[in-house]
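Have a look at the sequence and the model, then run through the notes below.

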Amino acid sequence: MRLGIGAAVAAVMLLFCVPALAQATPAAAPTHSVTVQPLAPLATAHAPAAFNALKATNAYLASVSGPARARSDAYFEGGYWLILVNTLYALAVAAIVLWLHISSGIRNWAAGITRSRFWQVPIYIAVYTVVATALTFPLTLYEDFFREHAYGLSNQDFAQWLGDFAIGFGFEIVATVIVATIIYAVVRGTPRFWWLWGAVVAVFFMGVGLIVEPVFIAPAFNHYYALKDGPVKQEILSLARANEIPADNVYEFDASKQSKRISANVSGFIGTTRISLNDNLIDESNAREIEAVLGHEMGHYVLDHSAILLTWLGLVVLVGFAFVNFAFRVLTGIFGGNWDVRTIDDPAGFPLVMALFSVFMLLATPVTNTIVRTIEAQADAFGLNVARQPDGFATVTLKLSNYRKLDPSPWEEFVFYDHPSGRSRIFRAMTWKAEHLNDWDIKNGPVSPQ
């Protein structure tokens with residue numbers, strides 16, 4: 001600050017001295033010869049070989065073609081129709097249990113067991129969940145067993161699949177009973193604004209699920225064990241330490257007993273943080289690909305994507321509950337007498353609630369997919385900067401083509417993709433590489449196709 005004031009004072013003094021100096025006899029100033037020449041561009045000294053991110057992307061995509069590409073596209077495009085089919089099936093189930101008075105019959109049975117409206121709800125929900133699961137079992141069997149086998153993605157026989165289904169159903173019925181019972185208590189307590197407070201309850205339990213799942217639920221389906229020591233494990237732990245992820249071990253789990261899909265995750269919260277990768281990823285990928293995947297997963301953790309996802313999906317749930325509240329009142333005003341359901345706090349209306357929410361989620365598909373796809377793209381960018389494996393990222397993306405269409409149209413990606421498409425992800429990796437061609441590790445790394 002003092003230097004600045006001094007400079008200003010000197011400048012003012014110089015300004016006032018100029019006329020006086022001009023009156024003095026001028027003297028010749030010494031001169032020197034100065035040579036001026038343009039500087040060479042910075043990249044000239046180490047000019048990288050010609051590299052085109054788009055050409056590299058197209059070359060990578062072209063490596064998956066023929067029957068493999070057709071099978072991948074057919075599997076993923078079939079999922080578009082299943083979104084609609086699942087919604088229509090949910091409507092059909094609701095219609096059956098409402099019009100045949102199955103739902104009101106379960107409610108009356110629960111009322112005969114206890115006069116407490118609070119305890120009637122868990123009794124009803126438990127029985128209804130069994131009934132609804134039985135009615136939807138044919139579609140579940142097709143989607144999760146027969147279809148997965150038809151596309152070569154499942155490694156389970158029917159008994160193994162049924163065992164996992166039973167375990168999943170056990171968790172589902174417990175979670176549904178707890179959450180629905182509390183939300184119905186909220187409905188009775190604040191009938192006008194239940195959709196607001198009910199959304200808060202739903203988001204809270206979504207957060208609990210994120211904490212509980214890696215510790216208590218995932219081990220019920222797969223065996224987790226410490227990844228054997230080696231360069232890959234040490235590199236993963238180094239990346240974790242560098243990004244302040246509180247994990248002192250890396251775990252492998254035996255997903256190959258169920259499917260051929262590759263996956264990994266960095267999950268948990270407050271002491272439950274766990275870095276896990278499945279045996280398919282380890283067996284089918286090289287070190288560069290594994291590092292690329294784990295860099296992406298660490299991005300989710302470091303960027304607090306769980307909290308961000310809960311916030312945005314919580315807003316979606318809030319709007320969905322408001323939609324259910326409005327539509328429920330309209331439909332029960334018309335058909336309530338036929339169903340023996342009048343008010344939204346009546347548990348016999350639960351099938352209608354579920355059906356309406358299914359319709360809302362169908363309509364909200366582009367919104368929810370965009371939310372998830374956006375944070376996945378952020379994790380991609382983080383992983384590229386952390387792991388610095390653009391070609392490993394590209395090649396492991398190709399391995400996901402077993403069940404993801406690589407090159408959709410823009411509208412397909414917007415509506416149906418909850419992850420960036422293969423083209424988007426590979427192009428992002430190649431664009432990143434184009435900006436780092438002079439870096440030592442990239443210059444000495446794999447050569448991308450052109």
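This is a predicted model: local features need pLDDT of at least 70, side-chain atom pairs count only at pLDDT 80 or more; totals for chains, interfaces and linings use all residues.

**How α11 and α12 pack**

- Helix α11 (residues 305–339) packs with helix α12 (residues 350–363) at about 135°, and their axes are 9 Å apart.
- The two helices, α11 and α12, are therefore oblique to each other.
- As for handedness, α11 and α12 make a right-handed crossing.
- On the α11 side, the residues that meet α12 include V316, G320, F321, V324, F328, L331 and W339.
- On the α12 side, L352, V353, L356, F357, F360 and M361 meet α11.
- Sorted by type, the residues of this α11–α12 contact come out as 16 nonpolar, two polar and no charged.

**The nonpolar cores**

- The largest nonpolar core has 33 residues, and I125, Y128, F321, F328 and F350 are the ones touching the most other members.
- Helices α3 (66–99), α5 (117–150), α6 (158–189), α7 (194–221), α11 and α12 each put at least two residues into this core.
- The most comes from α6, which gives seven residues.
- Leaving out residues up to four places away in sequence, Y128 touches V93, V97, I106, F350 and P351.
- There's also a second, separate core of 24 residues, with L227, V266, F382 and L400 among them.

- You'll find D73 in helix α3.
- With buried meaning under 20% relative accessible area, D73 counts as buried because its value is 18%.
- D73 and Y403 are 330 residues apart along the chain, yet their C-alpha atoms are separated by 7.9 Å.
- D73 also touches K405 and L406, again not counting residues up to four places away in sequence.

**Helix α14, tucked inside**

- Eight of the ten residues of helix α14 (residues 390–399) are buried, so α14 is largely enclosed by the rest of the structure.
- The buried residues of α14 are P390, D391, G392, F393, A394, V396, T397 and L398.
- What does the covering? For the buried residues of α14, the cover includes α2 (53–62), α9 (279–284), α10 (287–302), α13 (365–387), α16 (422–434) and α17 (440–443).

Key
Residues are numbered from 1 along each chain as its sequence is written. Side-chain values use heavy atoms; hydrogens and water are left out. Axes are lines fitted to C-alpha atoms, for helices over the stretch in contact, and angles run from 0 to 180 degrees between N-to-C directions. Helices (H or I, at least four residues) and strands (E, at least two) are DSSP runs, numbered from the N terminus. Angles under 35 degrees count as roughly parallel, over 145 as roughly antiparallel, 65 to 115 as roughly perpendicular and the rest as oblique. A crossing is left-handed if the near helix is turned anticlockwise from the far one by less than a right angle, and right-handed if clockwise. Contact means heavy atoms within 4.5 Å. Ala, Val, Leu, Ile, Met, Phe, Trp, Tyr, Cys and Pro count as nonpolar, Asp, Glu, Lys and Arg as charged, and the others, Gly among them, as polar. A nonpolar core is a set of buried Ala, Val, Leu, Ile, Met, Phe, Trp, Tyr and Cys residues joined through side-chain atoms within 4.5 Å. Buried means under 20% relative accessible area, exposed over 50%, partly exposed in between (1.4 Å probe, protein chains only).
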